[in-house]
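Have the coordinates open as you read.

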Protein chains: 2
Amino acid sequence: MDERLARVVAALAESGADWAVLSSADSIAYALGYAPPIEAGASPFAAGPVLALVGRNGAVGLLLSEGGQDIPREGEVFRYNGYGRTHGTPAEAAFREAFTSMSRKLGVGGRIATEPVTHPAAIEPLLPPGERSDLAPALRRQRMTKTPDEIPALRRCAEVAAVGQRRMMESLRQGITELRLFAEIRTAMEAAAGARIAVAGDLVSGRERTAAIGGWPDNRRIGRGDAVISDLAPRVDGYWGDSCATVVLGAPTEPQTRLFDAAHTALQCAIAELRPGLSAQAAHQMIRAVVRGAGFDYPHHTGHSIGTAPHEHPRICEDETAVLRAGMVLMIEPGAYDPAIGGARTEWMLHLTETGCVPLAPFPLVVSVPGAS
Amino acid sequence: MDERLARVVAALAESGADWAVLSSADSIAYALGYAPPIEAGASPFAAGPVLALVGRNGAVGLLLSEGGQDIPREGEVFRYNGYGRTHGTPAEAAFREAFTSMSRKLGVGGRIATEPVTHPAAIEPLLPPGERSDLAPALRRQRMTKTPDEIPALRRCAEVAAVGQRRMMESLRQGITELRLFAEIRTAMEAAAGARIAVAGDLVSGRERTAAIGGWPDNRRIGRGDAVISDLAPRVDGYWGDSCATVVLGAPTEPQTRLFDAAHTALQCAIAELRPGLSAQAAHQMIRAVVRGAGFDYPHHTGHSIGTAPHEHPRICEDETAVLRAGMVLMIEPGAYDPAIGGARTEWMLHLTETGCVPLAPFPLVVSVPGAS
């Protein structure tokens, strides 16, 4: 049994339940190694969400509509005939029947744990009656450190993100629109991944938009002297990468340089200082103090864990009591924002080891690029 | 009150309930004019799905986490402090509290209708007790014909899809990968839309992959003589477009020409013959007969309605009893597939009028392109 599945079973035990219904794409990707496609929303052929059942005994089932060739790492696939059909019962009935059939075949019984914010009401009557356990808190704790197999998966995501950041620096040029720049970045990342990938994050340019922290690209044209915040979070084979670079097209002003130096120095402090035993709150305060010492600040968290969800626990912020441990992979993303200058943010993926941390895939921390001709 | 909201209220009345909880992105986009972003999965800042409440009296509320500037057409926004916070209560508690607060402020009571396959179990205890009504069947019927305001929204989607198809024909060249071709298409569509957009559909090339109907692009290189199925479904401002072109790079073989002619002729038959009063099943049989008459067939539906979801009712297939009506917008997508030749499929968006149908935005139905140099 893959260690990830073993940890889901452990979470099930912790939550006092016998069977879990997984209803979030990230938990299904974690437990089964099957990544529900998310780039275009719910499948138009499906009559309900992708669902998985996991038992205390390690039994696993995955409910899918027709189509798609991906095979999960764990468990048996139960398919129903969704909306691609030309005949048959209503797809929603097929969805319910297939869930019931999967549940019977696996022998589901006893106490059921769910993920309440994604658990669909439609399947409640199909499950054994009784009070539900909330699987989320225990599973969140189990996922805080990564299993050995997750590190190469996350490193690959970091490398794809780094491909995107390098392409951003190569493609940035006078007059390019944010959307076009983003398209060139995503094209490079998809070529590296060999597949369409979901990309979260931000791509904004200019004083006003960078000072406002983030947002999605639009048809704004980037000019000389504009800063670009490129926060790229690609999802590759069910795992997320994350990263943020900020660069100026052409020569930066002195205030821009100060802003960028604050963010870069804070990230470098994190790389030098993060280690097991430090609390997440202390890490947040330490890194933020570097930016504050340079005369700036940021209103967002300092970072977060990452895995099959783009944001996982622990979070590196004021109210987080968790303590850093070896085996965590943390995003550290200090920023510096000033309405009169703009914004700068830098973010790398850091793997916590026994003695410190190492970046999974670095990319250049430069203040400016001359711009492609 | 916008006619779409009035139709949701009518669906509520039909389902015998006093308040509806909307939990699907498409219903929320339909009722409120707010399109939850879907391109990167659930927001990492949110502690639960985007939800809306709609009352029989037309009162509307929308539950969002922080961030995002979009304002719904209808109703009041209730925001909670999700995972972007640096302080505060756990985000899931904030999500529940904000839902409760929205519910109280709007005066939610009586019988509640939900969309069962997306309705999150987490909010069940926060709603008035009692049996739930299923809003989905009534709302599906209400959405079968489009309101006057939806036609320009769908025409814009059709135009964006046509931009993509024309770019496909311009960009197709010897040695280009499917992923790169798709990236160039999506870049053109995003520039036309002025924003990042979700794109569903297929992009596959070569005999084997086109004969298998569809799939997402990969790093396969397209060569002379390869067919490309380009099924592009962009989501623009909450509405979906759809379209399919199939072209050969270079000179088509005689069997390829026969395959393509079968699909093209079937689409032209649909444009000539579809009119109110025809049953969806009869339309399916008529269009499929054209393909069968040419010696080919397709195993999928002939088409479907479209709106804020990529597939809506009625579906143009064997077991669909609905009758076509003026005001519907239908995708018609006949295909012809033969393992020895490959596959071809054509698809336009057709607006049903009182007397027939008109394409919302045509693009060339060509068998082949010479290929960019």
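## Domains of chain A

Domain bounds here come from an automatic or database domain assignment. For chain A, that assignment gives domain 1 (3–142) and domain 2 (150–369). Please keep in mind that this is a predicted model, in which local features need pLDDT of at least 70, side-chain atom pairs count only at pLDDT 80 or more, and totals for chains, interfaces and linings use all residues. Residues are numbered from 1 along each chain as its sequence is written, while chains are lettered from A and ligands numbered from 1 in the order in which they are written.

How far apart do the C-alpha centres of domain 1 and domain 2 of chain A lie? They lie 33 Å apart. Contact (C-beta atoms, placed from the backbone, within 7 Å) links 7 residues of domain 1 of chain A to 8 residues of domain 2 of chain A. On the domain 1 side, helix α2 (residues 25–32) of chain A gives the most, with 3 residues.

## Helix α3 of chain A

Helices (H or I, at least four residues) and strands (E, at least two) are DSSP runs, numbered from the N terminus. After α3(A) comes Gly107(A), with a positive phi near 80°.

A residue is buried if 20 or more other C-beta atoms, placed from the backbone, lie within 10 Å of its own. The buried residues of α3(A) include Ala91(A), Phe95(A), Phe99(A) and Met102(A). Strands β2 (51–55), β3 (60–65) and β4 (76–80) of chain A are what the buried residues of α3(A) pack against.

## How the two chains meet

The same surface serves both copies, since 100% of the contact residues of chain A recur in chain B.

At this interface, 49 residues of chain A are in contact with 49 residues of chain B. On the chain A side, α6 (178–193) and β7 (199–205) are the elements that give two or more residues, and α6(A) gives the most, with 7 residues.

Terms used: Buried ≥ 20, exposed ≤ 12 C-beta atoms within 10 Å, placed from the backbone. Contact = placed C-beta atoms within 7 Å.
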